[in-house]
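Good morning, and thank you for coming.

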Amino acid sequence: MGFDMERFVAMGGLGGGHGRHLGIAYHAHGPDWAELALPYDARLIGDPASGVVASGPIVAMMDMATSVAVWLKRGRFEAHVTLDLRVDYLRPAVPERTVIGRGECYRITRSVAFVRGIAHDGDPDDPVAHVAGTFMGMKP
């Protein structure tokens, strides 16, 4: 059957915890990737003079998007932890734009999943940030 992204979203899978407080929402997905959206919100501004969303909410969204990409590639929900998430913050997001985060799981070994992704505010060819990381499964 595989990991059912629509059911996960419908059951509030993205709407709990800090994701709900940040306003992170589902955008799109495929067999090994997920896109989430971070709508512009004045509460998330890092520097009031610039109106730019702080980097923290963007990093949180990318951690979530890459994590979901692992479940999609595995075909099931499996508890895991972020071992490493390197973030190259390339430029500030344009004020009042939604930031889209696309995470991809490109390889899974016996115990580690490898991910990458980008965040952009309208043009994937002009990213706000690039991420690369790893997740480790938590087996009982």
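In which element is the place of Met-5? Met-5 sits in helix H1, where helices are DSSP runs of H or I with at least four residues, strands are runs of E with at least two, and both are numbered from the N terminus.

Two remarks on conventions. This is a predicted model, in which local features need pLDDT of at least 70 and side-chain atom pairs count only at pLDDT 80 or more, while totals for chains, interfaces and linings use all residues. Residues are numbered from 1 along each chain as its sequence is written, and side-chain values use heavy atoms, with hydrogens and water left out.

To return to Met-5: this residue is buried, with a relative accessible area of 1%. Buried means under 20% relative accessible area, exposed over 50%, and partly exposed in between, with a 1.4 Å probe and protein chains only. Not counting residues up to four places away in sequence, Met-5 touches Tyr-26, His-29, Val-68 and Leu-72; contact means heavy atoms within 4.5 Å. His-21 lies 16 residues from Met-5 along the chain, and their C-alpha atoms are separated by 21 Å.

Now the overall fold. The protein chain has three helices and eight strands, in the order α-α-β-β-β-β-α-β-β-β-β along the sequence. Its radius of gyration is 15 Å, close to the 14 Å that the globule rule gives for 140 residues, so the chain is as compact as a globular protein of that length. That radius is taken over C-alpha atoms, and the rule is 2.2 Å times the number of residues to the power 0.38. Of the 140 residues, 41% count as buried. Among contacts with a separation of 6 or more, 60% join residues 24 or more positions apart.

I turn to the interior. In soluble globular proteins, nonpolar side chains tend to be buried together. The largest nonpolar core here has 27 residues, and Leu-38, Ile-58 and Val-68 have the most contacts inside it. Such a core is a set of buried Ala, Val, Leu, Ile, Met, Phe, Trp, Tyr and Cys residues joined through side-chain atoms within 4.5 Å. Helix H1 (5–10), strand E2 (33–38), H3 and strand E8 (129–137) each supply at least two residues of this core, and H3 gives the most, with nine. Apart from it lies another core, of six residues, among them Val-70, Cys-105, Ala-113 and Val-115. Leu-38, leaving aside neighbours within four places in sequence, is in contact with residues including Leu-22, Ile-58, Met-61 and Val-99.

Finally, the loop between E5 and strand E6 (99–108), where Arg-91 is found. Is Arg-91 buried or exposed? At 16% relative accessibility, Arg-91 counts as buried. Beyond its neighbours within four places in sequence, Arg-91 is in contact with Asp-121, Asp-126, Pro-127 and Val-128. Arg-91 and Val-128 are 37 residues apart in sequence, yet 5.1 Å apart in space, C-alpha to C-alpha.

Glu-96 also has its place in the loop between E5 and E6. At 68% relative accessibility, Glu-96 counts as exposed. Although Glu-96 is not a glycine, this residue has a positive phi of about 75°.

Thank you; I shall be glad to take questions.
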